[in-house]
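Here is a briefing on one structure, arranged by topic. Keep the sequence and the 3D view open while reading.

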Amino acid sequence: MQDLTAAVTAGGRSSRFGSDKALAQVDGQTLLQRVCASLQGCAVRLIVAPEGRYAVPGWQVVPDTRPGQGPLAGLEAALRAAPPGWVAFAGVDLPDLTEAHWQALWLACTAEARSVQAQDAQGRPQPLAALYHTGLLPRVTALLDSGERRLRLAAPPENTVLMPGLPPLRNVNTPADLGP
Ligand SMILES: Nc1nc2c(ncn2[C@@H]2O[C@H](COP(=O)(O)OP(=O)(O)OP(=O)(O)O)[C@@H](O)[C@H]2O)c(=O)[nH]1
Ligand SMILES: [Mg+2]
């Protein structure tokens, strides 16, 4: 984990949630705190968000280079700010993320890989709780410049390692997703 740069992308508007979901609580902790806790073992720790919106001790806030353009733009800002190497990139809205999730992805890295992503039970990749290499920055910038916004295109499929079998990650988009 020391060799990974942590980057939590938190520049969204939470329009479906209705208030800032990063500050919503699960078991006495905010969603942002929970995701940060899963990445506390990383030496460099970044939150991509507007300056002044969040303060987490030990975490550096990096502003979006293209505010409001979505998580692919958040990844661009993260890859730009990170030292060369691997970035653990997470959404704020995955309260069940654990250090074990990141360690499993880290162990699955290969020499050719530029991204490592968990696959859910339906076989869908999970690009918002995934590893990305800083070498992807020119590709991500070119995608955004061309108007592309889909995070799942950030890495070429042939350089993406998919890992089935990890515990499913709950994704919070509305207050109902927080459970009863
Ligand atoms: N840095 C950054 N992160 C973003 C941006 N847009 C969304 N995100 C983050 O990407 C993650 C997943 O995005 P969504 O579930 O769509 O969150 P959201 O955009 O805040 O919510 P909605 O407005 O309901 O779509 C969350 O962690 C968001 O904070 C952005 O423009 N910049
Ligand atoms: Mg959104």
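**Ligand shell, sheet and helices**

Helix H2 (residues 71-81) gives three residues to the shell around ligand 1, the most of any contributor. The model is a predicted one.

**Around ligand 1**

- The shell holds 22 residues, of which Gly11, Gly12, Ser15, Arg16 and Gly74 come nearest to ligand 1.
- By class, the shell divides into seven nonpolar, eleven polar and four charged residues.

- S6 and S8 run antiparallel and are joined by five bridges.
- Within this pair, phenylalanine 89 stands opposite alanine 130 in S8.
- S7 and S8 also pair in the antiparallel sense, over two bridges.
- Serine 115 stands opposite tyrosine 132 in S8, and valine 116 has leucine 131 in S8 as its bridge partner.
- How enclosed is S8 by the rest of the structure? Four of its five residues are buried, so S8 is largely enclosed.
- In a regular strand, side chains alternate between the two faces of the sheet.

**Helix H3**

- Which residues of helix H3 (residues 99-107) are buried? They are His101, Trp102 and Leu105.
- These residues cover an arc of only 95° around the axis, which puts them on the same side of H3.
- On the other side of H3, Ala100 and Leu107 are exposed.
- An α-helix has 3.6 residues a turn, so residues three or four places apart point the same way.
- The cover over the buried residues of H3 includes helix H1 (31-38) and strands S6 (86-91), S7 (115-118), S8 (129-133) and S9 (160-163).

**Helix H1**

- The buried residues of H1 are Leu31, Leu32, Val35, Cys36 and Ser38.
- Seen down the axis of H1, they fall within an arc of 155°, so they line one face of the helix.
- What covers them includes strand S1 (5-9), strand S2 (25-26), strand S3 (29-30), S6 and H3.

- Most residues other than glycine have a negative phi.
- Serine 14 has a positive phi, near 50°, and is not a glycine.
- Where is serine 14 found? Serine 14 is in the loop between S1 and S2.
- Serine 14 has 18 other C-beta atoms within 10 Å and is partly exposed.
- Aspartate 27, also not a glycine, has a positive phi of about 50°.
- Aspartate 27 lies in the loop between S2 and S3.
- Is aspartate 27 buried or exposed? Aspartate 27 counts as exposed, because it has 6 C-beta neighbours inside 10 Å.

Definitions and conventions:
Residues are numbered from 1 along each chain as its sequence is written. Chains are lettered from A and ligands numbered from 1 in the order in which they are written. This is a predicted model: local features need pLDDT of at least 70, side-chain atom pairs count only at pLDDT 80 or more; totals for chains, interfaces and linings use all residues. A residue is near a molecule or strand if its C-beta atom, placed from the backbone, lies within 6 Å of it. Ala, Val, Leu, Ile, Met, Phe, Trp, Tyr, Cys and Pro count as nonpolar, Asp, Glu, Lys and Arg as charged, and the others, Gly among them, as polar. A residue is buried if 20 or more other C-beta atoms lie within 10 Å of its own, exposed if 12 or fewer, and partly exposed in between; C-beta atoms are placed from the backbone. The arc is that of the directions from the helix axis to the C-beta atoms. Two residues are in contact if their C-beta atoms, placed from the backbone, lie within 7 Å. Two strands pair if DSSP finds at least two bridges between them.
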